[in-house]
Amino acid sequence: MAKKSLSKAFIGASAGAEAIRHLIERVASSTATVLITGESGTGKELVARALHDQSDRSGGNFVPINCAAIPKDLLESELFGHRKGAFTGAMADRIGRFELAHGGTIFLDEIGDLSLDMQVKLLRVLQERTVDPVGGLKSVEVDVRVVAATHRDLEAEIEAGRFREDLYYRLNVLPLNTPALRQRAQDVPALLAHFAELFAAKGQTPITFTSDFIEALKDYAWPGNVRELSNLVDRFNTLFSGQLLSLASVPSSLLPKGLRTLQAERVSTPIVDSLEIVAPLSSKELHQSANAEVMNPFANPAPPLAMDMHNEVEDIIMLAQGLPSLPPEGLSLKDRLADIERDLIVQALNRTDGNVSQTARLLNLQRTTLIEKLNKYDLRQGTLPVAGNEDDKKTA
């Protein structure tokens, strides 16, 4: 099977990006375990996938699992599988992630969050290359390439007694570190262009950025790394589809704190919280703009945005999240929360035709707690028709 290109595995021309791509090419063909370290959002899973795609195992499965996202009591079954009847709810045999990755690669993300007892079981798998399904009577051989990743300092975790030293040395055969985005700021323009094109809707022109905005984004520390940059571009693409953005034209409420500081320092009159969502340029305007930007697509300043729709974007975001806008005169938070609670109870009662027991289940409340709230909001005095079993009617 043809190996996939590394061009999108780690985007950028910086020394850090080049070093990662070089390491991927060097270690991909090995069967040794790889430990990828780096801050959250630096692309550890991208590197793991690239290692698989460049390896002789690329025809097999790439099976990722986030060790921190699965409850402790379910993780063993998830990794190693279980047999029918092994525990309550085990209605049939289940193949674990290690068996699914047989002949391919398993990616153990956030390995530093494994409990100590699971670390012991994983160590045995790495040593014996067999797994013991929960409730099984015999071991199952597996042929997998293990790639692990963590944002934690495992040596510090060992010192603190939270990570086994023997497991660390089993995992850390081929170490690989993904650099933070602030350490390869020159890759920011390429990443912006990549995500702008990725998030542009079909038939839409990707958003672009002026040189002043590019410089601010390069100077920003990016605590969330590439994941944060990706989310920011997605946000801009949704609200400013097809536009050329300058540092002054973006409301500060849409920027992370560090960028708001840079905007305040570098722009004399930034748009703080007002914005008109401008219609995309016509084809003629796009053609003229493209001709003007051939030498430098980020060189032209963005046109000023209208100021007659105060807080429009902020209101759009609040509405999209199902939240009300705060009126200028303010409000009583206690009364507002009580209104929300009462409205939800009324909706639930309507949905269940007034059945108290069903309403309590729908709201995930104890029946007695719901009755207290019904009395509190005077919802048992003929406000709503109550229908249901006899027990409910008597309570009513």
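**Notes on the surface and the salt bridges**

1. At 57% relative accessibility, Leu333 counts as exposed, where exposed means over 50% relative accessible area, buried under 20% and partly exposed in between, with a 1.4 Å probe and protein chains only. This is a predicted model, in which local features need pLDDT of at least 70 and side-chain atom pairs count only at pLDDT 80 or more, while totals for chains, interfaces and linings use all residues. Residues are numbered from 1 along each chain as its sequence is written, and side-chain values use heavy atoms, with hydrogens and water left out.

2. Together with Leu331, Leu337, Ile340 and Leu344, Leu333 makes a nonpolar surface patch of about 460 Å²; such patches take residues with over 30% relative accessible area and no salt bridge, with nonpolar side chains (Val, Leu, Ile, Met, Phe, Trp, Tyr) joined within 5 Å.

3. The structure holds 15 salt bridges, each being a side-chain nitrogen of Lys or Arg within 4 Å of a carboxyl oxygen of Asp or Glu. One of them joins Arg49 to Glu45, with the closest N and O atoms 3.3 Å apart; Arg49 is partly exposed at 37% relative accessibility, and Glu45 is partly exposed at 32%.

4. Another salt bridge pairs Glu78 with Arg94, the closest N and O atoms being 3.0 Å apart. Glu78 counts as buried because its relative accessibility is 13%, whereas Arg94 is partly exposed at 39%.

5. Arg152 and Asp113 also form a salt bridge, their closest N and O atoms lying 2.9 Å apart. Arg152 is partly exposed at 32% relative accessibility, as is Asp113 at 30%.

Conventions
Patches are made of residues with over 30% relative accessible area and no salt bridge: like charges are joined within 9 Å, nonpolar side chains (Val, Leu, Ile, Met, Phe, Trp, Tyr) within 5 Å. Accessible areas come from the Shrake-Rupley method with a 1.4 Å probe; for residues, only the protein chains shown count as cover.
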